[in-house]
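Visitor: I have a new structure on my screen. Can you walk me through it?

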Amino acid sequence: MAGRSTGRALIVAAAIVAVGAGAALAAFTSGPAAAGPGPSAPVALGSPGSSVTSSSSPGLVGSPSLGASPPASASATSSPAPSPSGPKAAPTSAAGFVPGKTIVPMGWPFAASVKVHYGPGFGVYRVGPLEPFNMISGVSKSGALLRGHDGIDLQVPVGTPVLAPFSGTVIDPRKHWIPWDPARYGKVVAIQSDEPTSVGYTVILVHLSSIGAPIGVHVTRGQVVGLTGITGDAAGTIPHLHLELRAPFLIRYVVKGVVRRVDAFDARPSLLAVDPHRK
Ligand SMILES: [Zn+2]
């Protein structure tokens, strides 16, 4: 299943606007990439504050196709979401989105006391099949597109509570990024924001050991939604949270002369803006 690289996915009618020279990709610094499923001993979620509010129909959330309507429910929760006088809202279309620079207002995904090291970032080379929704890192000598890292790795100990960076709905990644490969991602929580400054953007929290917010529920920014782990292909790596940000539109990149349109983008500027250790 993981070998398919063409087909159904990401047939998106969203407006695609040229975005400058594309992402500033890091060098080919491949991190450890051990294969095989990792240990998946579940860790009990011990946070009493991690209750999830039930919401509409669990299961199907929104449209299975990317770039369709943003979530309809903008529930008036008392989250510390940005106010109108706060951070600037993220672009609602590819126009105005600058890869590597645009900041999407979000929350830091850990408690401020957690020590975090930034690991491999967006666009670095990754082994494994290239799916239509994956970024590319370049082109091989034979002309094949090489898969790039879709996220950023935040190195923290296994079992670290992960906080929702957005208020929004937990969605099923298998319906949005096809073909989703559980062997690669392991246990994930994907939250589609309904905050006014980031509506429709999705954060994907990957390699968790435990999921605290099932598909279909509404979560509030700062709420514990899982514990970090090494599920998927993270076994053998420095334990980390693989964090992806995905836009509600496709972004046009030019990498080594090749045009690539995906909804993935570099989360680093957005994270640095809220990193409590950088303030
Ligand atoms: Zn990663």
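Guide: Here is a short tour, from the overall layout down to single residues.
Guide: This is a predicted model, where local features need pLDDT of at least 70, side-chain atom pairs count only at pLDDT 80 or more, and totals for chains, interfaces and linings use all residues. Residues are numbered from 1 along each chain as its sequence is written.

Visitor: How many helices and strands does the protein chain have?
Guide: The protein chain has two helices and twelve strands. Both kinds are DSSP runs, numbered from the N terminus: helices are H or I with at least four residues, strands are E with at least two. Along the sequence the pattern reads β-β-β-β-β-β-α-β-β-β-β-β-β-α.

Visitor: And how much of the chain is buried?
Guide: Buried residues are 44% of the 279 in the protein chain. Buried means 20 or more other C-beta atoms within 10 Å of a residue's own; exposed means 12 or fewer, and partly exposed lies in between, with C-beta atoms placed from the backbone.

Visitor: What about the largest nonpolar core?
Guide: That core has 51 residues. Val 162, Val 189 and Leu 205 have the most contacts inside it. A nonpolar core is a set of buried Ala, Val, Leu, Ile, Met, Phe, Trp, Tyr and Cys residues joined through C-beta atoms within 7 Å.

Visitor: Which element gives the most to this core?
Guide: β11 does, with eight residues. Other elements give two or more residues, including β4 (152–155), β5 (161–163) and β7 (187–193). In soluble globular proteins, nonpolar side chains tend to be buried together.

Visitor: Back to Val 189. What does Val 189 touch?
Guide: Leaving out residues up to four places away in sequence, Val 189 touches Val 170, Leu 205, Leu 208, Ile 211, Ala 213, Val 225 and Gly 226. Contact means that two C-beta atoms, placed from the backbone, lie within 7 Å.

Visitor: Among contacts between residues at least 6 apart, what share join residues at least 24 apart?
Guide: In the protein chain, that share is 76%.

Visitor: New topic. Where is Phe 110, and is Phe 110 buried or exposed?
Guide: Phe 110 sits in the segment before β1 (117–118). Phe 110 counts as buried because 20 C-beta neighbours lie inside 10 Å. Its contacts include Val 156, Val 162 and Leu 163. Phe 110 and Pro 276 are 166 residues apart in sequence, yet their C-alpha atoms are 9.6 Å apart.

Visitor: How do β6 and β7 run?
Guide: They run antiparallel, joined by four bridges. Strands pair if DSSP finds at least two bridges between them. β6 also runs antiparallel to β9 (residues 218–219), with two bridges.

Visitor: Which residues stand opposite Thr 169?
Guide: In β7, Thr 169 faces Gln 192. In β9, the bridge partner of Thr 169 is His 218.

Visitor: Which residues have a positive phi although they are not glycines?
Guide: His 207 is one, at about 75 degrees. Lys 256 is another, at about 50 degrees.

Visitor: Where do they sit?
Guide: His 207 lies in strand β8 (residues 202–211). His 207 is buried because 27 other C-beta atoms lie within 10 Å. Lys 256 is in the loop between β11 (240–255) and β12 (258–265). Lys 256 is partly exposed, with 13 other C-beta atoms within 10 Å.

Visitor: Last one. Which peptide bond is cis?
Guide: The bond from Ile 178 to Pro 179 is cis, with omega near 0 degrees. Pro 179 lies in the loop between β6 (168–171) and α1 (182–185).
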